[in-house]
Each structure stands twice: as structure tokens, then as C-alpha cells.
Amino acid sequence: MTARVGVEGLARSFAGVPAVRDLSFTVGAGEIHALCGHNGAGKSTVVKMLSGQIPPDQGRISVDGEPAELRSRRAAQRLGIALVDQELSVVPALTVLDNLLLGDIDAPMLNRRRAAVARCRAVLDEIGLERIDPDRPLSSLSIGERQLVEIARALSQKARLVILDEPTATLSDVESDLVFAAIRRVAARGCAVLYVSHRLAEVLDLCDTVTVLRDGRRIATTPAGELTVGTLIEQMLGEAPHRLAATRPPDPDLGHALRIDHLHVPGRLADFTLTAQAGRIYALAGQLGSGASDVLRALAGLHPQATGSVELHDRALPLRNPVGAARAGVAFVSNDRKSEGLFLDKTVAWNLVATRLPSLGRAGVIRAGRERRAARSLAERSGLAEHRLDDPVLTLSGGNQQKVFVGRCLGRDDVHALLLDEPTRGVDIGGRAAIHRLLRSAADAGLVVLFASTELEELLELGDVIVTLRDGRTVGRYDGDADGATLMRDMTHGVNAT
Amino acid sequence: MIRRWTSRPERLLPTVSLLAVVLAFAGSPVLTGDALTTFDVYNALQGFAQLGLLALALGITMIAGEFDLSVVGTYALGGMLAVQTGQSSPALGVLVAVAAGMLIGAAQGGLIARLRIPSLPVTLATYIALLGLTSAMSGGLSKSYPNSDATLWVDRTVAVVFSPRSLITLAAFLLAALVLGRTRLGRELRAIGGDRRASRVAGVRVDRTVVGLFTVSGALAALGGALLSYSYASANPDPGLQPLILAAVAALLGGVSLAGGRGLPLGLLCGTLSVALLAQIVTTAALPDYTTQLLYAALLLGAIDAPGLRAAIGRLRARVPVRSS
């Protein structure tokens with residue numbers, strides 16, 4: 001097999017922190033090559049470099065033996081590199097047809113509608129979107145269908161290398177099967193495919209070769225036939241992490257604070273049931289699209305279609321109503337602190353007290369002194385330096401921003417359940433430990449703490465009870481006896497594991 | 001088919017607004033007692049020519065998710081430049097005006113795309129600066145244009161109801177419709193308005209397209225200003241805010257979304273025609289001036305797309321039980 005695409009000595013760091021180090025591998029014509037690794041292993045950085053979105057600091061990329069300069073997406077496309085990005089990258093305001101042709105350098109300057117529609121029809125049929133009219137606005141399609149349109153776009157371009165970054169995270173099994181068939185067809189035509197996924201069974205089934213990354217380095221490149229899910233997990237994790245901290249055993253005196261019964265979110269989460277005690281930390285383990293964060297969002301009232309019954313301290317929690325959920329004592333810390341959390345241009349103090357304004361004044365007038373005292377005590381409680389109270393949140397590190405976000409929910413009599421989605425995303429090690437301590441102390445103070453995460457170390461370190469999810473369904477529940485390999489298997493392999 | 005048409009606000013809105021205004025125009029003899037003449041239609045189209053290029057310049061930037069406030073400044077400057085440099089050769093005057101408009105547009109586009117500055121402050125600053133510059137050029141006074149041949153030519157009647165000015169404006173709309181609807185560039189422009197990140201990932205050269213867009217917007221506005229000053233035989237250094245407001249009304253009636261990514265040049269054309277026709281109705285009916293403003297406001301409120309209202313109607317419909325046949 002000749003090398004279609006080769007990388008040699010590729011390296012890239014962000015703000016001095018290396019994300020990819022000295023990476024070399026090749027993808028042959030017609031080969032489906034998987035890139036696997038735990039979160040933060042550097043997969044996305046490799047994808048970004050190969051697709052022309054960021055330049056490497058060092059190293060060479062070659063396409064068909066020729067050295068390639070990938071300065072922009074367009075430059076990469078000229079060399080025949082098509083991409084399905086991790087984030088959905090189609091434009092809702094355009095029609096399906098326009099989206100399929102968008103950015104295609106082979107598309108003629110003047111649209112030839114009849115030819116374009118015929119080609120679009122064929123491309124849609126091939127990926128299983130027979131019922132979709134090319135002239136429909138993309139905004140009328142479901143998220144899964146939009147993802148299929150993006151995949152169809154990449155596969156329909158005359159590419160030499162197609163990169164697919166987590167293409168099936170939001171797809172159903174039936175839809176995924178259609179995507180796999182389409183990928184196999186493209187590979188059979190001699191195109192190289194680089195496939196990034198967390199779903200290991202899928203990887204082993206689809207791919208010819210698997211390269212595993214850990215901490216930005218290549219650990220191994222192995223033919224898929226020689227691997228099992230178990231050996232693959234071993235490669236990804238190295239020595240599998242075990243529990244580090246002693247976790248809190250169940251306390252029969254505490255009773256059940258949070259009772260979630262048959263929680264259902266159409267297309268995202270099926271029949272989730274959990275009974276949680278105050279004072280313990282519950283971890284929901286699952287990759288993107290597993291439903292883990294949907295549990296939290298539904299409890300916080302942010303899923304307009306959620307159904308089921310939830311009780312918090314024996315009072316029914318209103319679903320589909322964010323204000324009602326907050327009134328009932330739910331505090332939610334989103335994984336997107338920039339757009340769903342903090343007021344970035346306001347000061348730390350302002351942010352800390354933003355959710356408790358009614359308690360700081362009388363008749364709607366805020367008392368400056370009381371506000372200041374509240375901010376100070378919260379800062380102390382959440383481990384923020386007092387002299388930073390007047391700095392805009394924007395100037396803080398990711399870890400400190402997250403402390404502000406969590407700190408805002410602490411020390412309130414009216415909060416009974418603390419929900420956190422990826423509590424330490426984008427936070428350095430020191431900040432992480434501080435936030436973990438913060439959550440532990442919140443639990444000790446009698447709150448139910450429920451968090452969703454994709455990071456094994458965090459799940460094992462913090463979760464007293466760990467519930468694993470995949471494809472919207474609960475896979476396993478571990479009360480004090482879990483190890484990394486089991487969790488990883490549940491999260492990536494699901495209930496049908498063999 | 002009709003359902004599909006009405007489900008796209010960028011088509012429904014301009015159709016509805018133009019239909020309403022055309023009906024009102026046709027019915028205006030009831031108010032005035034005089035029958036409609038071809039001259040009324042000609043006049044309405046002259047009004048369209050006055051506003052059209054400006055509305056198009058603004059509208060195309062809105063489709064791409066930007067907002068070019070500077071169009072009125074370029075419009076004023078273009079008029080002034082054309083009058084000052086085109087005394088012996090009107091074509092040269094137009095050329096100078098359009099070249100200046102393109103230069104200004106390219107500079108703004110470069111700032112907005114390369115430095116990632118939002119378009120509002122950049123174009124607002126340019127608008128103010130250009131008004132200042134135009135006033136400085138003319139000493140703050142209107143500047144008359146003595147070439148009466150050119151003045152007569154731009155407004156002479158062609159095919160009963162048109163003039164070269166309104167035909168040029170129409171041609172610009174048709175060209176824009178062709179580019180936006182039928183070319184790769186048009187698709188990319190709409191994509192940029194819809195989702196810039198996704199467009200970039202898909203391989204659209206966003207920065208370059210934005211620079212080109214503002215260049216075209218500047219050219220259109222300057223051309224509009226030049227033609228207007230030839231028609232009036234004078235250039236006004238301060239056209240006021242009215243043209244900008246009317247252009248925005250035309251764009252909104254034309255189904256262009258403020259959020260970007262939505263809108264069609266033919267919709268813009270309908271929106272602009274609605275605004276021009278409405279002004280003509282008020283004139284022929286000899287209604288007081290303020291009625292024009294009230295009518296614009298009513299039309300805008302009546303025709304604007306309200307997703308919240310549509311959702312509410314959808315919910316009501318869903319509540320009504322479906323009878324099985």
C-alpha cells in the first residue's frame with residue numbers, strides 16, 4: 001500500500017503546553033486509519049493540523065509523497081483533504097443543496113442547477129437521506145440529519161484524504177451503519193480515511209489500522225485485526241487509573257434527597273433512573289452524545305421536551321422550566337461557562353453575587369456593604385484571592401473562572417442539588433484539585449452533587465457513585481468499586497459489549 | 001407548493017409587502033378621484049431609483065451578517081465627487097465616484113475581516129468621517145452641476161415608465177440576484193452570514209469574501225449618489241438620516257434577516273419597490289407628509305417576521321384535534 005498521507009515529527013503546543021509531540025504515521029490509499037486516545041491525547045490537534053486549520057510548530061506533512069503546506073482550509077482542500085469537523089459545520093440558513101456544495105472547490109463558479117440537484121440526490125441517497133429534498137432549508141432537519149449532510153459533503157468531494165472527527169457522536173445506530181457503508185465505499189475508491197472516535201467497537205469494526213495517542217505521543221500503530229477492545233483500552237490508558245481517594249460510603253440515615261424516575265429526553269436520553277443521597281457525589285460517565293450531560297440539562301429545566309418524574313427532598317421538581325428548577329433548589333454549572341455561565345466582562349465580585357441579589361438588599365435596592373461582604377466570604381470559600389475581586393472574570397485563568405462559577409452556587413440555603421457538566425474542562429491540574437475540594441466540601445455541607453464528565457481520572461477521583469452512559473442509555477452503576485478500564489469499556493463499547 | 005413558499009420568510013415577506021402596496025397603489029384613485037397615469041408609475045420608479053442602490057448596498061452586507069452604516073456617507077461623497085469631476089464628462093464623474101466608493105469599501109472590509117472588528121463601529125466612524133469630508137470638499141454647501149445634458153439624460157423616459165436611472169438600478173438588482181442565487185460566490189456569501197465558523201471549516205475564504213462584499217457595497221452606494229446628484233443637478237453634502245432609514249426599511253421588508261444568512265436580492269427589490277410605491281401613493285393622494293412615516297411603520301410592523309408568533313400559531317394548531325376523514 002502506498003502512503004497517501006504521511007506525517008513526520010509533527011509537533012504543536014498551545015501556550016507552552018505541548019499538545020502533540022513528535023508524531024509520525026502514514027495512511028495508505030484505500031486505508032481506513034483510526035486515531036484513538038483518551039481526552040486530551042491530542043487527536044483534535046492532529047485533525048486541525050492535517051485539515052489546515054492550525055499550522056504545526058514542527059514536522060512535515062506529505063500528500064502522495066509531495067511535501068504539503070497546509071496554510072488554510074482552502075489549501076488543504078486543494079490538496080484533496082476533506083473534513084468532517086468535531087463540531088457541526090453546516091449552515092442552517094442555507095438549503096441542503098447549498099450546504100453540500102459549500103466550500104467544494106470543484107463546484108463551478110456558475111451554478112448548474114440540474115446537474116447539481118442530480119448529484120446532490122445521488123449523494124443524499126447514498127447516505128440514507130432519500131426522503132430529504134435538496135431544496136429544504138437545513139434548519140428544518142434534525143441534528144442527526146444535519147450531521148449526515150456534513151458527512152455526505154466530505155465524502156462527495158473528490159478527496160484523497162477524508163478526515164472524520166467523531167462523526168457518529170450524535171447519530172443513531174441505523175444512521176451510523178449508513179455512514180460506515182459510505183466510508184467503506186469511499187475507501188474502496190482509493191481514498192485514505194482518517195477516523196477519530198471514542199467508540200472503540202465501531203473503530204475495530206470499521207478501520208484497518210489503529211494509531212493510539214496518549215499525552216500527544218504515538219503509543220502504537222496496530223492492525224485492527226490484532227486488537228480487542230481490551231487491548232485498545234490498555235494502549236489508550238497505559239496503566240489503568242484506579243481510585244485515588246477514599247470515597248464516601250452510603251449513609252442510611254441521610255435518606256434520599258434526589259429521586260429521578262424514568263427521565264426521558266427524545267433522541268438523547270432514554271429512561272434514566274437514579275436515586276441520590278445528600279452528601280454524596282454522583283458521577284455520570286459518558287462521551288459526547290451519551291446522554292450524560294442531558295441528564296443534568298433536563299434536571300436544570302433546559303430540555304423543553306424532557307419527561308419523567310423528579311423529586312428533590314420529597315418535592316416534585318418541575319421539568320422543562322429553568323426558573324422553576326432553580327426555585328426548587330437546583331444549581332446548574334454548564335460546561336460552557338462562556339455562553340451559559342459567567343458574565344466575562346464583569347468583575348469577580350459581581351459574578352459571585354449575581355445569583356443572590358434578592359438577599360443583598362431591601363426593596364430592590366442593593367446595599368453595597370452587604371454585597372461586598374457576601375462576595376468576600378464566597379471568594380474565601382471558593383479559594384479565590386481577595387485582591388482579585390475587582391478584576392474582570394475575563395482576566396482569570398480557566399481554573400479560577402470555574403471557581404467563580406461554582407462559588408456562585410455555594411453557601412446558599414436555597415440550593416439543595418448542585419449539577420455540574422464537565423466541572424474541570426479547560427482547567428489546569430492545580431485548579432482541578434481545588435475545584436474537586438470545593439465539590440467535596442459542598443457535598444459535606446449536605447448538598448446532592450451530580451456531575452457529568454468524560455475524564456476517567458476525574459470520575460474515579462470524585463465520584464462516590466459512578467453511572468456510565470452510552471447512546472442515551474445507562475450501561476452500569478458502580479458504588480465504590482470501579483476501575484478505569486471498566487468505565488472506559490462502558491463508555492465506548494456500550495451494552496452490546498461482547 | 002404554496003406552503004413551501006410561505007415557510008420561507010425571505011420569500012413570503014417581500015411578496016406580501018409588495019402585493020399590499022401594489023393593491024393600495026391600484027386602489028389609490030378611490031382616494032384621489034383621479035385615474036392612475038403612467039406618469040405616476042414613472043415617478044414611483046424614480047423614487048425606487050433614488051433609494052434602490054443604497055438599499056442594495058446595505059442589504060447585501062446584511063445578508064452576509066454585517067451592517068454597513070457607511071453607505072449614506074459614501075452616497076453623499078459619491079454625489080459630490082461626480083459633480084466636481086464630471087462636469088465635462090459625466091461618465092468620468094461616475095467612474096471617479098465608484099472608484100472612491102470601492103476604495104472606501106475595501107478599506108473598511110479589510111479592517112473588519114482582518115482585525116475582526118465588528119462592522120457597526122467601523123462603518124459608523126466611516127459614515128461620520130465621510131460626511132465631514134464631503135462637507136469639507138464643498139465648504140458645507142450644496143454644489144450645483146451645470147451639465148444639463150447629463151441631467152436630462154439620466155431622467156429621460158424610456159419605454160413609457162422607465163428612465164436610464166431606474167433601469168441601471170434594476171439592472172444592479174438583477175445582477176445581484178444572479179450572483180447571489182446562481183454562483184458559488186453567492187452561496188458562500190449567504191453561508192458567511194449564516195455561520196461564519198462553519199463556513200470557514202467548510203473551506204470558504206471568509207476574509208477575502210468580506211473585503212469583496214464591502215467593496216461592492218461601497219461601489220453601489222457611490223453609484224447611487226452620483227446618479228442622484230446628476231438627476232438633481234446638485235450634490236448635497238448631508239443627505240440626513242432619511243435615506244439610511246428607508247434603506248433599512250426596504251431591506252427588512254425585503255425579508256433580509258438582521259441575524260444574517262437570510263435574504264434574496266429579488267426580495268430586496270420587492271422591499272424597495274414597496275417603499276417607493278408607498279411614497280408615491282402619499283404624493284398622488286396629496287396626503288400630509290407625516291402619513292408616509294406612519295404608513296412605513298405600519299407596513300414594517302405588519303410584515304415583519306415574528307418567529308415567536310409563528311411558534312404560537314403552531315402550538316395553537318397542534319392543540320386543535322385533527323379530524324380523521
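Axes are lines fitted to C-alpha atoms, for helices over the stretch in contact, and the angles between them run from 0 to 180 degrees between N-to-C directions. All views below show a predicted model.

**Figure 1. The six-stranded open sheet of chain A and the helices that lie across its strands.** Six strands of chain A, in the order β6-β7-β8-β3-β9-β10, make up an open sheet with mixed pairing. Its edges are formed by β6 (81–84) and β10 (217–223) of chain A; each has a single partner strand, so one side of each is left without a neighbour in the sheet. On average, and with direction ignored, neighbouring strands of this sheet are turned by 20° against each other. Within it, β7 (residues 161–165) and β8 (residues 192–196) of chain A are parallel and are joined by five bridges. In this part of the sheet, A:Leu164 stands opposite A:Tyr195, which belongs to β8(A). Helix α1(A) lies across β3 (32–37), β6, β7, β8 and β9 (209–214) of chain A, and runs at about 145° to β7(A). Helix α5 of chain A (residues 143–156) lies across β6 and β7 of chain A, at about 170° to β6(A).

**Figure 2. The four-stranded antiparallel sheet of chain A.** The strand order in this open sheet of chain A is β2-β1-β4-β5, and the pairing is antiparallel. The edge positions are taken by β2 (17–28) and β5 (66–67) of chain A, each of which pairs on one side only. Five bridges connect β1 (residues 3–14) with β4 (residues 58–63) of chain A in the antiparallel sense. One pair of bridge partners consists of A:Val7 and A:Ile61, the latter in β4(A). Helix α1 (residues 43–50) of chain A lies across β1, β2 and β4 of chain A, and runs at about 65° to β2(A).

Figure 3. When neighbours within four places in sequence are left aside, the contacts of A:Gly59 are A:Val7, A:Glu8, A:Gly9, A:Leu10 and A:Ala11. Although 36 residues separate A:Gly59 from A:Leu23 in sequence, their C-alpha atoms are 8.2 Å apart in space.

**Figure 4. Strand β20 of chain A and its parallel partners β13 and β19.** Strand β20 (residues 448–453) of chain A is mostly covered, as six of its six residues are buried. A:Val448, A:Leu450 and A:Ala452 point one way from β20(A), whereas A:Val449, A:Phe451 and A:Ser453 point the other way; all are buried. Strand β13 (residues 281–285) of chain A runs parallel to β20(A) and is joined to it by five bridges. In this pairing, A:Ala285 has A:Ser453 of β20(A) as its bridge partner. Strand β19 (residues 417–421) of chain A also pairs with β20(A) in the parallel sense, over five bridges. Here the bridge partner of A:Ala417 is A:Val448 in β20(A).

**Figure 5. The two domains of chain A and the contact between them.** Chain A is assigned a domain 1 (3–237) and a domain 2 (256–493). The C-alpha centres of domain 1 and domain 2 of chain A are 33 Å apart. In the contact, 12 residues of domain 1 of chain A meet 12 residues of domain 2 of chain A. On the side of domain 1 of chain A that touches domain 2 of chain A, the elements giving two or more residues are α7 (200–206) and α8 (229–237) of chain A. α8(A) gives the most to this side, with three residues. The residues on this side of domain 1 of chain A comprise six nonpolar, four polar and two charged.

**Figure 6. The contact between chain A and chain B.** Chain A gives 19 residues to the contact, and chain B gives 19 residues. On the side of chain A that touches chain B, α2 (73–78) and α3 (96–101) of chain A are the elements that give two or more residues. The largest share of this side, three residues, comes from α2(A). By class, this side of chain A has 11 nonpolar, four polar and four charged residues.

**Figure 7. The bent helix α3 of chain B.** Helix α3 (residues 38–63) of chain B bends at B:Leu51 by about 40°. Of the 26 residues of α3(B), 21 are buried, so this helix is largely enclosed by the rest of the structure. After α3(B) comes B:Gly65, with a positive phi near 80°.

Conventions
Residues are numbered from 1 along each chain as its sequence is written. Chains are lettered from A and ligands numbered from 1 in the order in which they are written. This is a predicted model: local features need pLDDT of at least 70, side-chain atom pairs count only at pLDDT 80 or more; totals for chains, interfaces and linings use all residues. Two strands pair if DSSP finds at least two bridges between them. Two residues are in contact if their C-beta atoms, placed from the backbone, lie within 7 Å. The bend at a residue is the angle between axes fitted to the seven residues ending there and the seven starting there. A residue is buried if 20 or more other C-beta atoms lie within 10 Å of its own, exposed if 12 or fewer, and partly exposed in between; C-beta atoms are placed from the backbone. Ala, Val, Leu, Ile, Met, Phe, Trp, Tyr, Cys and Pro count as nonpolar, Asp, Glu, Lys and Arg as charged, and the others, Gly among them, as polar. Domain bounds come from an automatic or database domain assignment.
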